[in-house]
Amino acid sequence: MPTTRHASAGILADQNAAKREEIVGLLTRAYWMEMETVMSYLAQSAYLDGIRAEEIAEALAADVTEELGHAKAFAGRIKDLYGTPPGTFDMVHEQASLQPGDPTDVVGVIRGVIEAEAGAIEHYNRIIEACDGVDWATQDMVIDILRDEENHLRTFERYLSEYE
Ligand SMILES: [Fe+2]
Ligand SMILES: [Fe+2]
């Protein structure tokens with residue numbers, strides 16, 4: 001179904017079609033990072049075991065909701081940019097260090113979380129830069145999400161220094 005385009009300025013304008021496509025690609029990758037994080041944190045929060053693990057499991061369970069909110073924001077923005085949020089057949093997997101293994105390996109999980117958050121921070125900085133000057137709304141949205149991920153990273157860095 002062809003869509004009539006009306007915006008004469010900004011990322012929805014015809015003259016920015018190539019840039020829009022680039023940003024939709026970046027947002028699609030961000031969407032998968034969030035969805036994989038939801039699955040990893042959900043599994044780890046359910047599986048972690050032992051007295052030392054309880055606080056980490058609770059923190060991860062709380063983050064599942066927040067990461068799902070990020071995924072929803074990315075999907076919504078993809079749609080607003082004339083894109084299509086991907087289906088499960090296109091799912092990307094890359095969180096090798098968050099596969100459930102030893103349920104008492106709390107430090108291993110903390111390191112996996114730090115790796116995932118650092119990866120998100122790197123990618124979201126890339127999106128923010130790609131949006132500069134042409135897509136202020138995506139940039140604003142991703143800056144908010146970046147702030148959450150930086151908070152997650154710092155929280156788990158503090159956990160790591162306690163556990164080591
Ligand atoms: Fe997130
Ligand atoms: Fe996060």
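Which residue bridges the iron ion (ligand 2) and the iron ion (ligand 1)? Glu 67 is the bridging residue, and the two ions lie 3.8 Å apart. The model described here is predicted.

**Overall fold**

The protein chain contains 4 helices and 0 strands, and its elements follow the order α-α-α-α along the sequence. Its C-alpha trace spans about 60 × 30 × 20 Å along the principal axes. The chain has 164 residues, of which 45% count as buried. Among contacts with a separation of 6 or more, 78% are between residues 24 or more positions apart.

| Ion | Protein donors | Distances | Spacing along the chain |
|---|---|---|---|
| iron ion (ligand 1) | Glu 34 (OE), Glu 34 (OE), Glu 67 (OE), His 70 (ND1), Glu 149 (OE) | 1.9 to 2.4 Å | E-x32-E-x2-H-x78-E |
| iron ion (ligand 2) | Glu 67 (OE), Glu 117 (OE), Glu 117 (OE), Glu 149 (OE), His 152 (ND1) | 2.0 to 2.3 Å | E-x49-E-x31-E-x2-H |

For the iron ion (ligand 2), Glu 117 is listed with two OE entries, and the ND1 donor comes from His 152. The donors of this ion are spaced E-x49-E-x31-E-x2-H. Glu 117 lies in helix α3 (residues 106–131) and His 152 in helix α4 (residues 136–163), so parts that are 35 residues apart in sequence are tied together by this pair. Glu 117 has a relative accessible area of 2%, so it counts as buried. His 152 is also buried, at 2% relative accessibility.

**The largest pocket**

What is the volume of the largest pocket? The value is about 240 Å³. Its lining consists of 19 residues, and those nearest the centre are Met 33, Gln 95, Glu 115, Ala 116 and Gly 119. Helix α1 (17–47) and helix α3 each supply at least two residues of the lining. Helix α3 gives the most, with 7 residues. By class, the lining has 8 charged, 6 nonpolar and 5 polar residues.

**Thr 138**

Is Thr 138 buried or exposed? Thr 138 has a relative accessible area of 0%, so it is classed as buried. This residue is found in helix α4. Its side chain is joined to that of Asp 135 by a polar contact of 2.6 Å. Leaving aside neighbours within four places in sequence, Thr 138 is in contact with Ile 23, Leu 27, Arg 77, Leu 81, Ile 127 and Cys 131. Of these partners, Ile 23 and Leu 27 fall within the residue range of α1 (17–47).

Terms used. Residues numbered from 1 in each chain as written. Chains lettered and ligands numbered in written order. Predicted model: local features only at pLDDT ≥ 70, side-chain atom pairs only at ≥ 80, totals over all residues. Heavy atoms only, no water. Donors = N, O, S within 2.8 Å, 3.2 Å for Na, K, Ca; no water. Buried < 20%, exposed > 50% of the residue type's maximum accessible area, 1.4 Å probe, protein only. 1 Å grid on protein atoms, 1.4 Å probe; cavity = no way out; pocket = protein on both sides within 12 Å on 5 of 7 lines; lining within 4 Å. Points joined across faces, edges and corners; volume = space filled by probe spheres on them. Nonpolar A, V, L, I, M, F, W, Y, C, P; charged D, E, K, R; others polar. Polar contact = N/O pair within 3.5 Å; in protein donor to acceptor, adjacent residues only side chain to side chain. Contact = heavy atoms within 4.5 Å.
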